[in-house]
Amino acid sequence: MKVVIITPTYNEKGNIDRLIPILENEIFPKIKNHDMNILVADDNSPDGTANEVKKLMQEWKNLDVSSGERHGLGAAYVRAMTYAVEKLKADVMFEMDADFQHDPEKIPEFIKKIDEGYDMVIGNRYSNGGSIPKNWPLLRKLFSIVANLFVRTIFMKFSIHDWTGGFRALKKEVFLKEREELTNYKGYIFQISFLQKAIRDGFKIGEVPFHFSDRALGRSKIAPIGYILEVFKFVIITRIQEILFGKFGKFLVVGGTGFIINWAVLNLLFTKFNFRPEIANLAGAALAIFSNYNLNNLWTFEERKANNLGSYLLKMLQFYATSSFGVIFIQTGTIFILGSIFGRENRLLINLYFIIGTGLLLIWNFTVYNKIIWRKEPQG
Ligand code: GDD
Ligand code: MN
C-alpha cells in the first residue's frame, strides 16, 4: 500500500525541519510492509516553509510539497489529498499537524487499524488512555472536552470520542466519496464535517488513543471564538437536516398521508353511506395503518424492508400491535394523566394534552419502528 502522510503548514519552518527527518529516519524504517511518503501542504508560508521542504526533497525522494494560496486548513487538505491521490497514487493518507502535537510514534498503530479493515482511523484524545496537555489552563481543557461531548450528544454518536482532532488516517475511497462536499468546509470545521460524512456513508471508523502534546514551536492558527461558533452552527444545522430529510422526515410524511386517509374514509362512510361515526373512524384508521405500514416498509425503511411473505406479515402484525398500544397507552394515557393533574374543563388544555400526547406517540412509534420492527440486522 502506498501511504502518504499529509502535513499542513502555515509558517512551520522550524517544526517541519525536525519533523521530516524524524519521520524518515525513525518512524518509516519501523513500517516494513508499506511504501511510506510525506506530502507537505503549504499555503505559501511567508517564513519560507516550502523552500525548506524543497531543500529536504533533494535528500528524500518520498517527500513532496503541494503549494497554493491560503484558504484555510480544510481547503489545504482538499488540495493536498487530491494531489496525493491523483499524482502520487496514494492508497492511504494521513492528516497530521506539523507542530509535534501529534506524536509520530503513533503512526504504525493507525496503519495497523487500516490493515485490519477500518476505512478511517481517528486519533482519540478523550478516552482509553488518550489525553490533552496537563499544563493547559482549566478553561481550555474544559472547552476542549465540552465541545467534543456536545458534538457526540447532538449527533447521538457516542462511539466516536474525538470529533475535532486532526490526527487521522483514511483510505483514498473515503476522500474521493466526500471530496465534492468537503470543498464547502475550508477552515478547521473540515475535521468534524469530514468525519460526519464518512459515518453517514457507512465507512468503518476506528480510534487510536494518543497524548495530544503542547505545540513545540510557533503558535496556533486557530481563532477560538470564530471556531466555537462555526462548530455550533455546523452541528445544529447538520442534525436538523438529518432529522428532517432522514428517516424521521419520511416517517412524518407517511404519518401525514395516514391522517388524510383516516379523515377521508371517516367522512365518506359517515356522510355518503350513513355509517356510525365510530365504525367509520375504525375503518378509516385500519386502512390508514395498513397504508402507513406499506409506505414505511417500501420507503422510510426501504433498505431494511421485509423480504418474504412471512416477515412481511410478522412486521405488519407488530406494526398494528405497537400502533394500537401507542394510541391507547401513550397518546390517550398522556391525555388521561395530564387531565388528572391539570383538569379537564378547559378545551384549550385538552388540545394541549392532545398535542403533547401525539408528540410522544410519534416518538414512541418512530423508536419502535426503527429499533424493533425494522431494526438493522447486525452485520456479520
Ligand atoms: N496549509 C495550511 N493552511 N496549514 C494550516 C492552516 C492553513 O490555513 N492553518 C493551520 N495550518 C496547519 C498548521 O501549520 C499546523 O501544522 C496544523 O495545520 C494545525 O494547526 P494549528 O494552528 O497548530 O492548530 P491547533 O493546534 O490549534 O488545532 C489542532 O486541534 C484542532 C482542534 O482539535 C489541529 O489538530 C486541528 O486540526 C484541530 O481541528
Ligand atoms: Mn497545533
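Reader: Let me start with the strands. How many bridges join β4 to strand β6 (residues 168-171), and do the two run parallel or antiparallel?

Author: Four bridges join them, and the strands run antiparallel. Keep in mind that this is a predicted model. To place the pairing, look at one residue pair: phenylalanine 94 has alanine 169 as its bridge partner in β6.

Reader: In which sense does β4 pair with strand β1 (residues 2-9)?

Author: β1 and β4 pair in the parallel sense, again over four bridges. Here the pair to find is valine 4 and methionine 93, with methionine 93 on the β4 side. So β4 has β1 as a parallel partner and β6 as an antiparallel one, by the rule that two strands pair if there are at least two bridges between them.

Reader: Now a helix. How many residues of α3 are buried?

Author: Start with the general idea. An α-helix has 3.6 residues a turn, so residues three or four places apart point the same way. Now the case. In α3, 11 of the 14 residues are buried, so the helix is largely enclosed by the rest of the structure. Among the buried ones are Leu73, Tyr77, Ala80, Met81 and Ala84.

Reader: What distance does α3 (residues 73-86) reach from its first C-alpha to its last?

Author: It reaches 20 Å, close to the 20 Å expected at 1.5 Å a residue.

Reader: Where does glutamine 191 lie, and is it buried or exposed?

Author: Glutamine 191 lies in helix α7 (residues 190-200). The cut-off for buried is under 20% relative accessible area. Glutamine 191 is at 3%, so it counts as buried. Beyond its neighbours within four places in sequence, it is in contact with residues including Leu73, Tyr77, Glu95 and Arg168. Leu73 and Tyr77 are also buried residues of α3.

Reader: Which residues does serine 66 touch?

Author: Serine 66 sits in strand β3 (residues 63-67). It is buried, with a relative accessible area of 5%. Leave out residues up to four places away in sequence, and it touches Leu39, Val40, Ala41, Asp42, Arg79 and Ala80. Ala80 is one of the buried residues of α3.

Reader: On to the metal. Which residues coordinate the manganese ion (ligand 2)?

Author: Asp99, through OD, and Gln101, through OE1, at 1.9 to 2.0 Å. Ideal angles at a metal are 109.5 degrees for four tetrahedral donors, and 90 or 180 degrees for six octahedral ones. Here the site may look incomplete, because water is not among the atoms. Aspartate 99 is buried at 4% relative accessible area. Glutamine 101 is buried too, at 9%.

Reader: Against which helices do the buried residues of α10 pack?

Author: Against α9, α11 (309-342) and α12 (347-373). The buried residues of α10 include Ala280, Gly284, Ala288, Ile289 and Tyr293.

Reader: Step back to the whole chain. What is its radius of gyration?

Author: The chain has 28 Å, whereas a compact globule of 380 residues would have one near 21 Å. Its C-alpha atoms fill a box of roughly 95 × 45 × 35 Å along the principal axes. The domain assignment gives domain 1 (2-222) and domain 2 (247-373). Their centres are 48 Å apart, taken over C-alpha atoms.

Reader: How many helices and strands are in the chain, and what percentage of its residues count as buried?

Author: There are 12 helices and seven strands. Of the 380 residues, 46% count as buried. For contacts with a separation of 6 or more, residues 24 or more positions apart account for 76%.

Conventions. Residues numbered from 1 in each chain as written. Chains lettered and ligands numbered in written order. Predicted model: local features only at pLDDT ≥ 70, side-chain atom pairs only at ≥ 80, totals over all residues. Heavy atoms only, no water. Domains from an automatic or database assignment. Expected span 1.5 Å × (residues − 1). Buried < 20%, exposed > 50% of the residue type's maximum accessible area, 1.4 Å probe, protein only. Donors = N, O, S within 2.8 Å, 3.2 Å for Na, K, Ca; no water. Rg over C-alpha atoms; globule rule 2.2 N^0.38 Å. Contact = heavy atoms within 4.5 Å.
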